[in-house]
Amino acid sequence: MENTRRIIIVGASSGIGNVVARDFIGMGFKVGVAARSEAPLKELRDINPDMVEYAVIDVTARDAGKRLLGLIKKLGGMDILLLASGVGFQNPSLDMGKEMNMLETNVVGFARIIATAYRYYRDCPTATTPGQIAAITSVAGTKGIGVAAGYSASKRFQQNYLEALDQLSRKQDVDVSFTDIRPGFIRTPLLDGATDYIMEMDVEYASKLIEAAVLKRKRVATVDWRWRVVTALWSMIPSCLWTRMDIGLN
């Protein structure tokens, strides 16, 4: 039991986070799961009550960091954090309710959870090292997408934040690695079920690629290979041309 690895997954109530949590439980990890909804977390705990702990955490709440530290304590430590929570909309009308929802979750909430995990590895004398902080961002963070301005900007923030903390960890000699997982469209409740998105992936298929990226401690992993090609191509398009292009997501 002493050598059992411990992962905490924030955003485990549905979609990618839920599937990944189930898979890590099956791999024999000690798993901490967190989300706003308690019932799905109890279902995950019931899979293996001796190996699963849970906490209700809303990343937009001020006490989210404190609750995360409480879950780490219940689990007996944390080898890996995977942040899988997020909100996304196409919002060409720039409805401010939707924009603020995305920014509060994907920017403020993201920073709150990731910074708490970083400080845990930096300051806690009993923290397992090397630690790992992984987060699911998006290919949308690699370019500003007009119909999803708030979403793509929030994902760019996430990617830059991980990169900045990677640099900071070297300066402060903190033994932690970072994994930035950038999926394309995955068929989960996050997407509008009435819309067909380009190159959609099944959640089971995508989750296996995400899990492999975490276990291999990859610095950046684009999911899947088709999206690696797409992002490589559009990274070569200069901004003066990009802003004149009619980019759709479906």
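Leaving out neighbours up to four places away in sequence, Asn91 is in contact with Lys98, Glu99, Val147 and Ala148. The model in which these contacts are found is a predicted one. Asn91 belongs to the loop between β4 (80-83) and α4, and with a relative accessible area of 1% the residue is buried. Leu94 also lies in the loop between β4 and α4, but Leu94 is partly exposed, its relative accessible area being 46%.

The strands form an open sheet of seven, in the order β3-β2-β1-β4-β5-β6-β7, and their pairing is parallel. At the edges are β3 (52-56) and β7, each of which pairs on one side only. From one strand to the next the twist averages 15 degrees.

Within this sheet, strand β5 (residues 131-136) and strand β6 (residues 176-183) are joined in the parallel sense over six bridges, and Ile133 has Phe178 in β6 as its bridge partner. Helix α5 (residues 149-171) packs on the sheet, where it touches β5 and β6, and the direction of α5 makes about 160 degrees with that of β6. The loop between α5 and β6 contains Asp173, which has a positive phi of about 55 degrees although it is not a glycine. Asp173 is exposed, with a relative accessible area of 71%.

What is the setting of Asp180, and which residues does Asp180 touch? Asp180 is placed in strand β6 and, because its relative accessibility is 0% and buried means under 20%, it counts as buried. Not counting residues up to four places away in sequence, Asp180 touches Ala135, Thr137, Gln159, Leu162, Lys218, Arg219, Val220 and Ala221.

## Gly65 in helix α3

Gly65 lies in helix α3 (residues 64-75) and counts as buried at 9% relative accessibility. Apart from residues up to four places away in sequence, Gly65 touches Arg112 and Thr116. The C-alpha atoms of Gly65 and Arg5 are separated by 22 Å, the two residues being 60 residues apart along the chain.

The accessibility values of the residues discussed so far are gathered here.

| Residue | Relative accessible area | Class |
|---|---|---|
| Asn91 | 1% | buried |
| Leu94 | 46% | partly exposed |
| Asp173 | 71% | exposed |
| Asp180 | 0% | buried |
| Gly65 | 9% | buried |

At least two lining residues are supplied by each of α6 (203-215), β7 (220-223) and α7 (225-234), and β7 gives the most, with four residues. In terms of residue class, the lining of this pocket divides into seven nonpolar, one polar and four charged.

Asp224 lies in the loop between β7 and α7.

## The enclosed cavity

How many cavities of 30 Å³ or more are there? The count comes to one, and the largest cavity holds about 30 Å³ of space. Val59, Leu83, Ser85, Thr105, Asn106, Gly109, Phe110 and Gln158 line the largest cavity. Helix α4 (residues 96-123) makes the largest contribution to this lining, with four residues. The lining of the largest cavity divides into three nonpolar, five polar and no charged residues, whereas four charged residues occur in the lining of the second largest pocket.

Technical notes. Residues numbered from 1 in each chain as written. Predicted model: local features only at pLDDT ≥ 70, side-chain atom pairs only at ≥ 80, totals over all residues. Heavy atoms only, no water. Nonpolar A, V, L, I, M, F, W, Y, C, P; charged D, E, K, R; others polar. Pairing = 2+ DSSP bridges. Axes fitted to C-alpha atoms, helices over the stretch in contact; angles between N-to-C directions. Contact = heavy atoms within 4.5 Å. 1 Å grid on protein atoms, 1.4 Å probe; cavity = no way out; pocket = protein on both sides within 12 Å on 5 of 7 lines; lining within 4 Å. Points joined across faces, edges and corners; volume = space filled by probe spheres on them. Buried < 20%, exposed > 50% of the residue type's maximum accessible area, 1.4 Å probe, protein only.
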